[in-house]
Protein chains: 2
Amino acid sequence: MIFDLKLNNDSPKKIQIENYIKKLIEDGILQNGEKLPSTREMSLMLKVSRNTIINVYDSLSESGFTSTMQGTGTFVSGNESLPYLGNSLAWTSLINSYAKKAEALDIVKHEARSKRGMISFDSISPNKNLFDLDEFKRDFLNILSLEGNNILNYGYAKGYKPLIDYLKKYIGDKGIDLNNKDILITNGFTEGFDIVLSSITKSGDKIICENPTHNTAIKLMKLHDLKILGIPMENDGIDISKLEEELKNSEQAKLAYFIPSYHNPTGIVMSPQKRLDVLKLFNTYKIPIIEDGFNEELRYSNSNITPIAALNHSGNGVIYIGSFSKILFPGLRIGWVVADKELIYYLESVKRSRNIHTSFLDQAVFYEYLKAGNFNKYVKRAKKYYKEKYELAIKYANMYIPYTKIYGEGGLHIFIQVNGINSRDILKECYKKGVIFTPGDIFYTDEKGSNTFRLGLSRVSKKDIKDGFKIIGDTIKDFLMRSV
Amino acid sequence: MIFDLKLNNDSPKKIQIENYIKKLIEDGILQNGEKLPSTREMSLMLKVSRNTIINVYDSLSESGFTSTMQGTGTFVSGNESLPYLGNSLAWTSLINSYAKKAEALDIVKHEARSKRGMISFDSISPNKNLFDLDEFKRDFLNILSLEGNNILNYGYAKGYKPLIDYLKKYIGDKGIDLNNKDILITNGFTEGFDIVLSSITKSGDKIICENPTHNTAIKLMKLHDLKILGIPMENDGIDISKLEEELKNSEQAKLAYFIPSYHNPTGIVMSPQKRLDVLKLFNTYKIPIIEDGFNEELRYSNSNITPIAALNHSGNGVIYIGSFSKILFPGLRIGWVVADKELIYYLESVKRSRNIHTSFLDQAVFYEYLKAGNFNKYVKRAKKYYKEKYELAIKYANMYIPYTKIYGEGGLHIFIQVNGINSRDILKECYKKGVIFTPGDIFYTDEKGSNTFRLGLSRVSKKDIKDGFKIIGDTIKDFLMRSV
């Protein structure tokens, strides 16, 4: 309803209101069938007596502009002949190829989805039961007492200063030299990666990565219209000789993307020697590396693996993207990009142009949680919890699944290869039996990986791991028998 | 530090550890001057006795690989000749034109910034003292009790369902017909606008808007490489005949962007008749409209202005973007896009590709705050507060500023035109005197507006409004005198 009427003293209010409403109806601003506000609402709105409004409504009814249905209200009825105003468009033809590509690559929309009651190996989200809600509440109240309304108002594109300082220390402890480097806080890894690609690449540029690799990264590389060159994996990380060959023989790549510390989907950890080899190669060709710090924290080995960014010492050629999303509170969407100061200066402007900044409330609560020392306690608890599941998974895989190869050194998932199957056929059968997992082909940069699949363990009970693996194993055995 | 060493039983542990560290040094993984972990740390890490480590360190020292400084630690010293590993790049040449444009258009980086102690009219952020922190805490604890860990884990790209449902009701009450429409939650207006432009436009497309208009919108239109056609404003909104001329005479525009309800920077409210005229015109030409619902809530008039999206009834040609950022908690970054169902389906995939979803914690707290009825109370309080300031501002402007024209029907700011000045010259002088405001030219789509400026009132005390306006007025008078 439009009521922009300013009453004056030149004529009776009743007349002014009546004429105003008539004009709205004649102009089609009020449409046939539309309900007028009640006389009470209207009298409050216009600050005139209710009697005046009752008189107006009666008069409108009499002259055929409205009709009153007892107990229901007053409806516009006098403009049958007006053309329909609605501006209607055929959106399919207006949506551009970028949005259509985003939709086509959106696995949430196109892959089989888990349903209630199913055994779901399709997720690697953390198990929410590990979150300490009481601690989180305490941290929230603490930080709100400390910061007050500040964190509810606009903040800075780069991020919440105390969190940035905390992360500098955290990242410094990983051995990354922060001289001439800086940090940008983003809405998770995904945004960090998108902003970096947006700021460095252009359509048609070549990007080198592991094959298979993180499917969200593949989606974003494709959305940025990059030419993806996937390099095969070995047990200790990327195949260095294939990488070298690629660098030597093809036109210069713009960028590389690697997940050395806990590779998704295989769970492989790149060996120290290979990290060094990778760095030397990219140093020779002067190509920047994006290092995805994915789940570094959840590795089970006692050893600390140095990020490639740390091996690069004071060099500025590695962009490190971190996030605790797969460990802590993914619902909060917090990640960070560590890179050369100059690059961050530009990324900051891109971030500001896109959404001003990441929620300051989230950053502040997150900071308080980290500061209170809860993170280490949590990681310890989570590691223990996920380790048990991982070991169980290996045990049941050995018992039930006739695999060719199992990849992974622990964490939230295992990756399995079974020669002779197409994992999508297996998934189809398993789905009918109430089990779902992720077909491996979505992680491949080429058409490969159809004989692989990823089993996410984080949210599945021990019993369900056993039952689910048996169902998957039996389905595969059936399939292999039939295809002999 | 890298320690990926797996000890075996084939040789003494001391030897294995020593050889491993030597190799790290020889390979340059450990660099000259780098500190080794303390013997205590190392023994914990490798799960061997501390004595073994002391033996290893002694041996390394003896063979010249390290040197031990008493009380400080053990440092690598044996690889002087190794080449420097750091992969260093000249980022300036690697950053693309998009990121450079984002930086160039980043007013935070290029406009004069307010300093502590200054009278700052350069902000239209809400006054944080209006936020009810206790209420906010209560809402947070309530929703956390209700939702538990759910809201800390991954959510859905479209948004938090209860918030979406709440907003549907809220938007429905504005008269917007939601049949065949849907809602996407974004990180504020800015992200919503960016996602819509990303999904509909391509480089070189024409977009029509008011002139002047919201500077962040101008930035995004430029970043998307759109051809911006600004249509002049009249006292009751856009100049319809100029708009018609533009539509008639130039090649078809792809899109339009309007702020009808509380125009930024002028504060003008588009009249109902013009809303209808705009809609009819765009219906004729079949061009979609993006309607920015900016600050609809803070208007002072008793009347409810119908959004253009509501006038469009069941039509799908209007994309309405809303946000409470200038009213409530901008630090939380929550906005929403209301549009045709099919369009939202694609926007959802774009949103997911960029940052998975907006913080579920924020959405849930925000929802709880709205649901508890606090929003209406707050808006009432805020309106009263800002109205007082607005009226004071008009009074002092009349007293002190020799303006040609004042725009605005209340809200968080006024917009002033003074013929014969360049507001940047005035700003320069005022800045020296401790007063800052926003030069008007940043809101213009052409080279105009140099004789205008915006005065944000929301965070300035009454006394500072008086003092600041006097300084601005005196500076302008001086300037006009001198230039006669």
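Visitor: Why are helix H14 of chain A and helix H5 of chain B called roughly perpendicular to each other?

Guide: Set the angle against the cut-offs. H14 (residues 341–355) of chain A and H5 (residues 97–104) of chain B pack at an angle of about 75 degrees, with their axes 8 Å apart. Angles under 35 degrees count as roughly parallel, over 145 as roughly antiparallel, 65 to 115 as roughly perpendicular and the rest as oblique. H14(A) and H5(B) are therefore roughly perpendicular. This model is predicted: local features need pLDDT of at least 70, side-chain atom pairs count only at pLDDT 80 or more, and totals for chains, interfaces and linings use all residues. Residues are numbered from 1 along each chain as its sequence is written, while chains are lettered from A and ligands numbered from 1 in the order in which they are written.

Visitor: What makes a helix axis, and which residues meet in H14(A) and H5(B)?

Guide: An axis is a line fitted to C-alpha atoms, for helices over the stretch in contact, and angles run from 0 to 180 degrees between N-to-C directions. From H14(A) come A:Tyr346, A:Ser349, A:Val350 and A:Ser353. They meet B:Ala99, B:Lys100, B:Ala102 and B:Glu103 of H5(B). Contact needs C-beta atoms, placed from the backbone, within 7 Å. By class, the residues of this contact divide into 4 nonpolar, 2 polar and 2 charged. Ala, Val, Leu, Ile, Met, Phe, Trp, Tyr, Cys and Pro count as nonpolar, Asp, Glu, Lys and Arg as charged, and the others, Gly among them, as polar.

Visitor: How do you know that the two copies meet through the same surface?

Guide: 100% of the interface residues of chain B are also interface residues in chain A, so the surface is the same. In total, 101 residues of chain B are in contact with 102 residues of chain A. Helix H14 of chain B gives the most to the side of chain B that touches chain A, with 9 residues.

Visitor: What relates the two copies?

Guide: Chain B can be laid on chain A with an RMSD of 0.2 Å by a turn of 180 degrees and a shift of 0.0 Å along the axis. The two copies are thus related as by a two-fold rotation axis. The superposition is by least squares on the C-alpha atoms of residues with pLDDT of at least 70 in both.

Visitor: Why are H11(A) and H12(A) called roughly parallel?

Guide: The axes of H11 (residues 240–249) and H12 (residues 272–285) of chain A cross at roughly 5 degrees and come within 11 Å. H11(A) and H12(A) are therefore roughly parallel to each other.

Visitor: Why does A:Tyr400 count as partly exposed?

Guide: A residue is buried if 20 or more other C-beta atoms lie within 10 Å of its own, exposed if 12 or fewer, and partly exposed in between. A:Tyr400 has 19 such neighbours, so it counts as partly exposed. A:Tyr400 lies in helix H16 (residues 374–400) of chain A.

Visitor: What makes E12 and E15 edge strands in the open sheet of chain B?

Guide: The order is E12-E13-E16-E15, with antiparallel pairing. E12 (405–407) and E15 (438–439) each have a single partner strand, so one side of each is left without a neighbour in the sheet. Strands pair if DSSP finds at least two bridges between them. E12(B) and E13(B) pair over 3 bridges.

Key: Helix = DSSP H or I, 4+ residues; strand = E, 2+ residues; numbered from the N terminus.
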